[in-house]
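Subject: Structure for you to look at

Hello,

Here is the structure I said I would pass on. Please open it first, and then read the notes below it.

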Amino acid sequence: MGIRNLNSDFVPASLRRPVAVATSGVPRFWSAVYEVTSLAHLRNNTTRMHLHAIDAFYQHVEDIHGADVLDDILHQADADRLSTSLEGFFIKLRNSAVQTGSDHRDRWATVSSFVETIVKRVSEAEESHRSIHRRIQRLSARLSNLRPNPKAPNPSTIRALPSTVLREIYAIFDPASSNNPFRGESRRWRNHCLLLAFLHQGLRRGEALLLPADAIKSGIDDQTLKPRHWINVQNLFAEEDPRFCDAPSIKNDHSVRQVPVSPDVARRFQHFYENHRGKSPYPHFFLNSSGVPLGSRSVSKIMSSASSALSHTSRQHLLDAMREPKVTAHDLRHTCAVVRLYHFRSAGISEEAALQKLRAFFGWTYDSVMPRLYARAYWERHVAQVWNDDFDSHVNAIRAIEPSIDQVRI
């Protein structure tokens with residue numbers, strides 16, 4: 001049945017955490033024990049990722065035996081069936097990696113740790129199970145030397161979206177555009193504001209979905225005495241969020257921050273709130289057509305629809321730029337970071353100071369290496385701007401640097 005959040009008035013706030021649920025609707029026993037004892041220190045999104053991997057192993061064992069028996073196998077510390085199940089699951093992950101190119105290393109590490117931890121716990125309670133635990137340890141050590149991915153994943157390179165693609169994305173998300181693929185004026189304005197949240201404000205998907213209805217804050221700047229607008233990035237709905245399966249969250253403590261907003265973006269947000277958001281018992285800014293807070297999967301579908309509306313030329317530009325022929329919400333955040341760095345450097349701010357400003361704007365830790373990756377993307381664009389394709393001019397420039405170049409045949 002997958003992963004659910006225990007969001008109920010009957011459940012204490014401290015226990016409203018993700019839980020793996022069997023087809024019968026009952027939480028999986030040893031998965032729940034592992035979540036409480038080994039994952040309790042993690043944030044909900046990270047916990048949910050681990051539980052998805054563990055739930056996939058439960059389903060794999062069910063497919064093998066024709067019944068949901070993994071909890072019983074773990075309780076009995078049945079080394080033979082656990083060995084068979086783990087080896088089969090490993091082969092399944094490896095085949096998937098070969099066919100789809102997916103990276104399953106984290107999933108395999110989670111399942112291996114889960115099995116070894118639970119067997120150790122059972123073995124400590126039963127003297128007769130200790131030899132079985134040692135056998136599982138040997139199996140885990142042997143399998144840990146294997147990798148479910150036959151090839152290392154390609155290194156990801158951060159780049160801003162090509163300008164031609166950005167122009168088309170603006171047109172696709174323009175509420176008045178004939179190229180807009182979304183139905184209804186209210187939905188078009190909502191998706192337009194989502195674009196602004198990602199591309200202009202640099203918000204992560206989860207951060208945007210946690211904005212309250214009164215997201216735009218206003219005040220007077222103490223120094224300029226002019227009106228200023230900002231967004232507070234925080235989670236005000238941790239205990240009452242109705243999104244069970246894909247509830248968003250704030251990534252870490254450094255992600256809680258205040259993001260400045262331009263007057264034009266503030267006006268567009270306010271226009272959507274006053275004219276198109278509609279009434280809802282939920283205090284979230286972004287809602288679906290039923291008046292319920294928008295979920296992460298819905299954002300993925302929105303970006304998929306927008307990508308499908310891209311022209312063949314834009315798709316080719318993305319491929320030429322070493323990208324997938326589609327646009328994601330995180331691509332827009334990447335682009336925002338590169339553009340922000342360009343503005344900081346254009347204003348005469350040193351690179352180190354500009355990187356520190358990026359850390360504050362985008363919610364990275366003070367020692368995060370992420371700004372350096374965006375700096376590389378910025379300098380790639382800067383190099384392209386000063387590149388001279390004229391052959392004679394390039395040769396003359398080389399000769400000016402190195403007089404002995406005349407002796408070299410070009």
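In which loop does Ser 368 lie? Ser 368 is in the loop between H14 and helix H15 (370–386). Helices (H or I, at least four residues) and strands (E, at least two) are DSSP runs, numbered from the N terminus.

Before the rest, two notes on the source. This is a predicted model, in which local features need pLDDT of at least 70 and side-chain atom pairs count only at pLDDT 80 or more, while totals for chains, interfaces and linings use all residues. Residues are numbered from 1 along each chain as its sequence is written, and side-chain values use heavy atoms, with hydrogens and water left out.

The chain as a whole

The chain has 16 helices and five strands. Of its 410 residues, 42% count as buried; buried means under 20% relative accessible area, exposed over 50%, and partly exposed in between (1.4 Å probe, protein chains only). A contact is a pair with heavy atoms within 4.5 Å. Among contacts between residues at least 6 apart in sequence, 65% join residues at least 24 apart.

Single residues

Ser 368 counts as buried because its relative accessibility is 13%.

Val 21 sits in strand E2 (residues 18–21). With a relative accessible area of 6%, Val 21 is buried. Val 21 and Asp 55 are 34 residues apart along the chain, and their C-alpha atoms are separated by 8.1 Å.

The C-alpha atoms of Ser 308 and Lys 326, 18 residues apart along the chain, are separated by 7.6 Å.

His 192 belongs to helix H8 (residues 185–199). His 192 has a relative accessible area of 5%, so it is buried. Leaving aside its neighbours within four places in sequence, His 192 is in contact with Phe 173, Asp 174, Pro 175 and Arg 268.

Nonpolar cores

A nonpolar core is a set of buried Ala, Val, Leu, Ile, Met, Phe, Trp, Tyr and Cys residues joined through side-chain atoms within 4.5 Å. The largest one here has 58 residues, and those with the most contacts inside it are Phe 173, Leu 211, Phe 269, Phe 285, Phe 286, Val 327 and Leu 332. H8 gives the largest share of this core, eight residues. Apart from this core lies another, of 30 residues, including Ile 3, Phe 57, Ile 73 and Phe 90.

Leaving aside neighbours within four places in sequence, Leu 211 is in contact with Leu 203, Ile 231, Asn 232, Phe 237, Phe 269, His 284, Phe 285 and Phe 286.

Helix pairs

Two packed helices are described by the angle between their axes and the distance between the axes. Axes are lines fitted to C-alpha atoms, for helices over the stretch in contact, and angles run from 0 to 180 degrees between N-to-C directions. Angles under 35 degrees count as roughly parallel, over 145 as roughly antiparallel, 65 to 115 as roughly perpendicular, and the rest as oblique.

The axes of H8 and H13 (residues 329–346) come within 7 Å and cross at roughly 45°. That angle makes H8 oblique to H13. In this contact, Leu 195, Phe 198 and Leu 199 of H8 meet Ala 329, Leu 332, Arg 333, Thr 335 and Cys 336 of H13. By class there are six nonpolar, one polar and one charged residues; Ala, Val, Leu, Ile, Met, Phe, Trp, Tyr, Cys and Pro count as nonpolar, Asp, Glu, Lys and Arg as charged, and the others, Gly among them, as polar.

H13 also pairs with H14 (residues 351–362): their axes come within 10 Å and cross at roughly 140°. H13 and H14 are therefore oblique to each other. The residues of their contact divide into nine nonpolar, no polar and five charged.

How do the axes of helix H1 (residues 29–38) and helix H2 (residues 44–65) cross? They come within 11 Å and cross at roughly 155°, so H1 and H2 are roughly antiparallel to each other. Phe 29, Trp 30, Ser 31, Tyr 34 and Glu 35 of H1 make the contact with Thr 47, Leu 51, Ile 54 and Tyr 58 of H2. This contact has six nonpolar, two polar and one charged residues.

Regards
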